[in-house]
Amino acid sequence: MADQGPMTEAAYYILLALMRPGHGYGMMHRIRELSGGRLVMGPGTLYGALARMCREGLIVLAEEEGRRKTSAITDAGRESLLAEYRRLKHLVADGAVLEGERDEEI
């Protein structure tokens, strides 16, 4: 996913939430928690993204218990998440110029 351009915010937080396997409602709660309440993901967005990410091999269905399906991140998903994390860190570091932390002009 890293070579396909930037990851969407939804995908980033879903993968981040799935560092611990989880099911839909639990993931929505964890995403809200991880984002400090900034990102509230609805079921339509979540389940659409989960289906796409499963097709891409970033996550797998780890367990199915009735209607509750538990997803888990794959090694490829971890690699993509880490690549996106590094990309975001670089963006923030480069943006430090806005706070006067660098000598360069904007």
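This is a predicted model: local features need pLDDT of at least 70, side-chain atom pairs count only at pLDDT 80 or more; totals for chains, interfaces and linings use all residues.

Colleague: Which residues of H2 are buried?

Modeller: The general idea comes first. An α-helix has 3.6 residues a turn, so residues three or four places apart point the same way. In this structure, the buried residues of H2 are Gly24, Met27, Met28, Arg30 and Ile31. They cover an arc of only 165° around the axis, and therefore lie on the same side of H2.

Colleague: What covers the buried residues of H2?

Modeller: The cover includes H1, H3 and S2. Beyond the helix, H2 is followed by Gly36, which has a positive phi, near 65°.

Colleague: How many helices and strands does the protein chain contain?

Modeller: There are 4 helices and 2 strands. Along the sequence their pattern is α-α-α-β-β-α. The C-alpha atoms fill a box of roughly 60 × 30 × 20 Å, taken along the principal axes.

Colleague: What share of the 106 residues in the protein chain is buried?

Modeller: Buried residues make up 34% of them. The contacts may be read alongside this value. Among contacts with a separation of 6 or more, 47% are between residues 24 or more positions apart.

Colleague: Is helix H1 mostly covered or mostly open, and how many of its residues are buried?

Modeller: Helix H1, residues 9–17, is mostly covered, with 7 of its 9 residues buried. These are Ala10, Ala11, Tyr12, Tyr13, Ile14, Leu15 and Ala17.

Colleague: How should I read the reach of H4 from its first C-alpha to its last?

Modeller: One compares the reach with the span expected for the number of residues. H4 has 20 residues and reaches 29 Å from its first C-alpha to its last, close to the 28 Å expected at 1.5 Å a residue.

Colleague: Which residues of H4 are buried, and what do they pack against?

Modeller: The buried residues of H4 are Gly77, Ser80, Leu81 and Glu84. Because they cover an arc of only 100° around the axis, they are on the same side of H4. They pack against H1 and S2. The face of H4 turned away from this buried side carries the exposed residues Asp75, Glu79 and His90.

Colleague: How much space lies in the largest pocket?

Modeller: Rolling a probe the size of a water molecule over the atoms shows where empty space is left. Here the largest pocket holds about 330 Å³ of space. It is lined by 16 residues, and the closest to its centre are Tyr47, Leu50, Leu61, Arg67 and Lys69.

Colleague: Which element supplies the largest share of the lining of the largest pocket, and how do the lining residues divide by type?

Modeller: H3 supplies the largest share, 4 residues. H2, H3, S1 and S2 each contribute at least two residues to the lining. By type, the lining residues divide into 9 nonpolar, 4 polar and 3 charged.

Colleague: Let us turn to single residues. Why does Ser71 count as buried?

Modeller: The reasoning rests on a cut-off: buried means under 20% relative accessible area. Ser71 has 8% relative accessibility, and therefore counts as buried. Ser71 is placed in strand S2. Leaving aside residues up to four places away in sequence, Ser71 touches Leu18, Pro21, Gly22, Met27, Leu50, Ile59, Val60 and Ala62.

Colleague: What is the relative accessibility of Arg32, and which residues does Arg32 touch?

Modeller: Arg32 lies in helix H2. Its relative accessibility is 40%, so Arg32 counts as partly exposed. Not counting residues up to four places away in sequence, Arg32 touches Gly37, Leu39 and Val40. Arg32 and Thr45 are 13 residues apart in sequence and 14 Å apart in space, C-alpha to C-alpha.

Colleague: Where is Arg87 found, and how far apart are Arg87 and Leu39?

Modeller: Arg87 is found in helix H4. With a relative accessible area of 30%, Arg87 is partly exposed. Arg87 and Leu39 are 48 residues apart in sequence and 20 Å apart in space, C-alpha to C-alpha.

Terms used. Residues are numbered from 1 along each chain as its sequence is written. Side-chain values use heavy atoms; hydrogens and water are left out. Buried means under 20% relative accessible area, exposed over 50%, partly exposed in between (1.4 Å probe, protein chains only). The expected span of a helix is 1.5 Å times one less than its number of residues. The arc is that of the directions from the helix axis to the C-beta atoms. Contact means heavy atoms within 4.5 Å. On a 1 Å grid over the protein atoms alone, a cavity is a set of points where a 1.4 Å probe fits but cannot get out, and a pocket is an open set with protein on both sides within 12 Å along at least five of seven lines; lining residues have an atom within 4 Å of a point. Grid points are joined across faces, edges and corners, and a volume is the space filled by probe spheres set on the points. Ala, Val, Leu, Ile, Met, Phe, Trp, Tyr, Cys and Pro count as nonpolar, Asp, Glu, Lys and Arg as charged, and the others, Gly among them, as polar.
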